[in-house]
Amino acid sequence: MSLPTPTTNSPVGKALNINAGITLLPNSEANTWAAGGFTASVWFKSTTSSGQSAAKVISRDPIRFWGVSVAQNAVSSGKQNLLIELQSTNGTVTDSYTATNAVTLNKWHHLAVVYTGTVFTVYLDAVEVSARGNYDFSDEGYERKLVVGSDVNANGIATTNKFVGGITDVKLFNTGLSSAQIRGIYESPGSSVSAITDNTVKFGGGPNRLMLKNQRM
């Protein structure tokens, strides 16, 4: 696949300026990964104030599962809202939360999405901004890819709610990390963290993490 031009303006070196979605995991792997506890870790930078109202940083079909977005259509004192969307597979529990003015325009932020099997928590720059319990993300045969930079539809990457900005150092873990481990990733960008082993990394471990200078997709 063809990736956008990398830049060096990120906490971990190489990064991509993107304006379209990129698949992290295909349907079958995304199903398995999302069935139990997991963590998604990503650095991002919003670079527009005239984009979409819910530009997806990372998404696994928020209509049925979850997504984290930036309101790139508005800026207040140099800041934008962070939007978190959740829905259980069976549709019985839905939720959305807005972290007001949480994202600074043209600044790198670290985002971590953690699911322990019962609680869905979102951290921004290692600070908990949202925690919701009793969500059932069991698949029930529904297949969706995991994507950064856009919505997801039945065919994978969608053309809606594209994120405009930089994304780098994407890591996916097969377990829900602790708040201390999230802080370790944030405070030492690009490095390994104690108690996070290669066995827990689903995508992006070691030199193959998605610095987005790699073509591992």
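Trainee: Glu 187: buried or exposed?
Mentor: Exposed, with a relative accessibility of 52%. The cut-off for exposed is over 50%, so Glu 187 qualifies. Keep in mind that this is a predicted model.

Trainee: Which residue does Glu 187 form a salt bridge with?
Mentor: Arg 183. Their closest N and O atoms are 3.1 Å apart.

Trainee: And how exposed is Arg 183?
Mentor: Partly exposed, at 33% relative accessibility.

Trainee: Why are Glu 187 and Arg 183 separated by about one helical turn?
Mentor: Because they sit four residues apart in helix H2, which covers residues 179-187.

Trainee: How far apart are the closest N and O atoms of Asp 151 and Lys 56?
Mentor: 3.0 Å, and the two form a salt bridge. That pair links distant parts of the chain, 95 residues apart. Asp 151 is in the loop between strand S12 (146-148) and strand S13 (152-153). Lys 56 is in strand S5, residues 55-60.

Trainee: What about burial for Asp 151 and Lys 56?
Mentor: Both are buried.

Trainee: How many salt bridges does a search of the whole structure find?
Mentor: Five. One of them pairs Asp 169 with Lys 171, with 2.9 Å between the closest N and O atoms.

Trainee: Is Asp 169 buried or exposed?
Mentor: Buried, at 0% relative accessibility. Lys 171 counts as buried too, at 9%. Buried means under 20%, so both values pass.

Trainee: Switching topic. Where does Thr 121 lie?
Mentor: In strand S10, residues 119-124. Thr 121 is buried, because its relative accessible area of 9% is under the 20% limit.

Trainee: Which residues is Thr 121 in contact with, leaving aside neighbours within four places in sequence?
Mentor: Ala 112, Val 113 and Val 114, then Glu 128, Ser 130 and Ala 131.

Trainee: Last one. What is the mean pLDDT of the chain?
Mentor: 78, with 67% of its residues at 70 or more. Over residues 207-217, though, the pLDDT is below 50.

Terms used: Residues numbered from 1 in each chain as written. Predicted model: local features only at pLDDT ≥ 70, side-chain atom pairs only at ≥ 80, totals over all residues. Heavy atoms only, no water. Helix = DSSP H or I, 4+ residues; strand = E, 2+ residues; numbered from the N terminus. Buried < 20%, exposed > 50% of the residue type's maximum accessible area, 1.4 Å probe, protein only. Contact = heavy atoms within 4.5 Å. pLDDT = per-residue confidence, 0-100. Salt bridge = Lys/Arg side-chain N within 4 Å of Asp/Glu carboxyl O.
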